[in-house]
Amino acid sequence: MNIATLIERRQLHRKVQGIAAALLPYKSDGTIAVDAFQQHLTATHHAGLMNAVNMDTGYVNYLSESEKRDVLRWTVEALGKNVPFVAGAYIENHTGDIIPLYRQQMDLIVQAGGIPILFQTARLHGQSSTEKAATYQAVCQGYPHVLAFELGTMFAPNGEIFDEQTIRRLMDIPEIRGMKHSSLDRLVELKRLALRDAHRPDFRIYTGNDRGINMIEYGSDYLLGLASFAPETFAERDRLWETGDPAYYALSDALQYLGNVAFREPVPAYKHSAAVFLRLTGRIPTDLVHPRNPKRAAWESEILRDCALRLGCG
């Protein structure tokens with residue numbers, strides 16, 4: 001199926017699966033605001049979205065192994081043992097063989113009741129599609145449900161946008177049941193959808209395009225940091241799309257306005273934008289971020305207050 005055909009056949013009344021990548025909030029003393037984190041996870045779940053933790057939005061690239069385990073524990077405490085969630089398997093801070101490193105992370109996630117999503121590693125950059133797929137197949141063997149990840153380098157240097165042959169080979173791995181696609185490029189994502197529809201229709205493409213959140217209209221689901229800014233509003237947008245309510249368009253535009261503001265360059269500073277927004281809307285105690293994360297200018301709260309007002313949550 002070509003891109004033009006996909007564009008022409010917007011999937012009206014489609015039920016969307018939404019996943020929100022949770023921000024890790026901080027208190028004024030620099031420690032993690034565990035209560036606020038757990039309350040936000042619970043609110044996201046009650047809104048009808050799945051949570052994703054230890055993601056880029058949750059500073060996974062800066063967390064120690066003990067902190068990542070704490071996040072898993074806090075998540076289960078907040079949601080309960082039978083509520084599914086996604087969690088990142090990130091190995092860039094470790095040396096050693098790729099396959100056991102991933103599987104150690106995945107074991108912890110699965111034991112906690114989560115679905116692992118595999119952050120890319122720079123150690124696979126430059127390898128052939130056959131070699132990459134063979135590594136992923138060995139990593140995923142025996143797990144019930146794994147997600148893959150395409151992360152553009154504007155988010156992190158370990159990311160990579162795969163070629164089509166690699167995507168096709170990853171879709172052939174039965175344990176991998178979906179992929180988050182974060183190129184911020186609609187045309188690339190449309191190609192992923194066309195390949196999915198032709199090659200493995202049950203495979204989910206989760207848009208990570210916070211600047212193009214209406215990719216749900218063309219067959220993408222989503223796993224977005226932006227969804228954690230206002231999970232109830234995202235859930236309402238999804239409901240409006242599914243029911244064919246024309247109010248969908250105005251709400252989608254307002255959410256996209258927020259996405260364009262929050263995910264401007266430098267993109268990693270969106271986490272500071274998230275903290276500012278969640279502080280403005282009363283969900284977390286401060287707008288502090290991890291000390292190694294880039295920060296926005298002091299006037300960030302002014303523009304985000306306008307975003308909040310437009311969404312009716314400010």
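**Second largest cavity**

I began with the residue classes: the lining of the second largest cavity divides into 3 nonpolar, 3 polar and 3 charged residues. For these classes I counted Ala, Val, Leu, Ile, Met, Phe, Trp, Tyr, Cys and Pro as nonpolar, Asp, Glu, Lys and Arg as charged, and the others, Gly among them, as polar.

The model is a predicted one, in which local features need pLDDT of at least 70 and side-chain atom pairs count only at pLDDT 80 or more, while totals for chains, interfaces and linings use all residues. Residues are numbered from 1 along each chain as its sequence is written, and side-chain values use heavy atoms, with hydrogens and water left out.

I took a cavity as a set of points, on a 1 Å grid over the protein atoms alone, where a 1.4 Å probe fits but cannot get out; a pocket is an open set with protein on both sides within 12 Å along at least five of seven lines, and lining residues have an atom within 4 Å of a point. Grid points are joined across faces, edges and corners, and a volume is the space filled by probe spheres set on the points.

The second largest cavity has a volume of about 60 Å³. I listed its lining as Asn54, Glu65, Lys68, Arg69, Leu72, Gly88, Gln105, Leu108 and Ile109. Helix H3 (65-79) and helix H4 (98-111) each supply at least two of the lining residues, and H3 gives the largest share, 4 residues. Helices (H or I, at least four residues) and strands (E, at least two) are DSSP runs, numbered from the N terminus.

**Largest cavity**

I found 4 cavities of 30 Å³ or more in the structure. The largest holds about 110 Å³ of space. Its lining has 16 residues, with Asp56, Thr57, Lys180, Gly225 and Tyr270 nearest the centre. Strands E5 (146-151), E6 (176-182) and E8 (221-224) each supply at least two residues of that lining.

**Largest pocket**

The largest pocket contains about 190 Å³ of space. Of its 13 lining residues, Lys15, Val16, Gly48, Ala235 and Asp238 lie nearest the centre. Helix H8 (residues 231-243) gives the most to this lining, with 4 residues.

**Glu189**

I located Glu189 in helix H7 (residues 186-199). Glu189 is buried (under 20% relative accessible area, 1.4 Å probe, protein chains only). Which side chain makes a polar contact with that of Glu189? The partner is the side chain of Thr207, at 2.9 Å.

Definitions and conventions: Buried < 20%, exposed > 50% of the residue type's maximum accessible area, 1.4 Å probe, protein only. Lys, Arg positive; Asp, Glu negative; His and termini not counted. Salt bridge = Lys/Arg side-chain N within 4 Å of Asp/Glu carboxyl O. Polar contact = N/O pair within 3.5 Å; in protein donor to acceptor, adjacent residues only side chain to side chain.
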